[in-house]
Amino acid sequence: MPTDSRSQHPYLADTQQPRIIAHRGFVPADLAADGVVENTRAAFTAALAAGAGYLETDCHLTRDGVVVLAHDADLTRIANDPREIAAVDRAELDGVFADRGGLLTLADALAEYPHARWNIDVKARAVAEPLGRIVAPHGARVLVTSFSDAYRRAALEAAVGERRAILPATSPGKRTLTRVLLAVASGSRRAAERALTGLDALQIPERQGRLRVLTPRLIATAHASGVEVHVWTVNDGQRMRELVAMGVDGVVTDRTDLAVEALRADQS
């Protein structure tokens, strides 16, 4: 766990330890057999019912300017439909997702699950600003992230513009994470503190190609600056336990059921 004295963001001020972050919700076999897919109302309801404390999702913007929950830029994988979400109106998407678990807009998701904490990935530049405005009133229970630091910062700046007391938490994009990794490798505590400034969590893979991203030094350095470490995407219960034993604060997983079994057994 982070050890410095700075106050923890409310997004992370939760008794759930370690954190189970449901990657695009949770689609167990019975729901999958019924045609339910990720990032839908049914998937998020199932994740919470299975014991997830956090819901991870992704956002795109429809043709008529609605922020919806979806990972891919197009509908090919989900619905065998080659159209891009940006070229489809929200009403038509409702029809596409009607028998696949139910489309959620970001606004509806925040309203329908008022006690859930949301981990939101900004997938496109066009969605960043409207996303930031929507999450601003919910900053205490939202973390904004993106592979693109530009998208992430645009969303955070839009949230700032709404003048809310609590801004969303955040995790770095690729460039910022690279700076963090270089600072940790340098052994300079001051450089690491600078690189970690403004971050609440490092949400990272164990490896990127041949590069090992997650290391004991990275965990210790992040914790010294009050930053949590969450690892994605982990679907093996034994590996989840090993990561937590290393000091990882949370796992992003497709298998909420396995995570609850692996990480909550000692708390029952």
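I note at the outset that the model is predicted. I looked up the largest nonpolar core and found 57 residues in it, with L106, W118, L131 and L202 having the most contacts inside it. I then listed a second, separate core of twelve residues, V37, A70, L93 and L103 among them. For W118 I left aside the neighbours within four places in sequence, and the contacts that remained were Y11, F44, L55, T57, L69, A109, L110, Y113, R141, V142 and L143.

I took residues 189-196 and found A191, A192, A195 and L196 buried; seen down the helix axis, the buried residues fall within an arc of 125°, so they line one face of helix 9. I checked what this buried set packs against, and the partners are helix 8 (174-186), strand 9 (201-205) and helix 10 (216-224). On the face turned away from the buried side I found the exposed residues R189, R190 and R194. After the helix comes G198, for which I noted a positive phi, near 85°.

I searched the whole structure for cavities of 30 Å³ or more and found one; the largest cavity holds about 80 Å³ of space. I recorded its lining as E38, N39, L69, A70, H71, D72, D74, L75, R77, I78, I85 and F97, which divide into six nonpolar, two polar and four charged residues. The elements that give two or more residues to this lining are strand 4 (74-75) and helix 3 (76-79).

Note on methods
Residues are numbered from 1 along each chain as its sequence is written. This is a predicted model: local features need pLDDT of at least 70, side-chain atom pairs count only at pLDDT 80 or more; totals for chains, interfaces and linings use all residues. Side-chain values use heavy atoms; hydrogens and water are left out. A nonpolar core is a set of buried Ala, Val, Leu, Ile, Met, Phe, Trp, Tyr and Cys residues joined through side-chain atoms within 4.5 Å. Buried means under 20% relative accessible area, exposed over 50%, partly exposed in between (1.4 Å probe, protein chains only). Contact means heavy atoms within 4.5 Å. Helices (H or I, at least four residues) and strands (E, at least two) are DSSP runs, numbered from the N terminus. The arc is that of the directions from the helix axis to the C-beta atoms. On a 1 Å grid over the protein atoms alone, a cavity is a set of points where a 1.4 Å probe fits but cannot get out, and a pocket is an open set with protein on both sides within 12 Å along at least five of seven lines; lining residues have an atom within 4 Å of a point. Grid points are joined across faces, edges and corners, and a volume is the space filled by probe spheres set on the points. Ala, Val, Leu, Ile, Met, Phe, Trp, Tyr, Cys and Pro count as nonpolar, Asp, Glu, Lys and Arg as charged, and the others, Gly among them, as polar.
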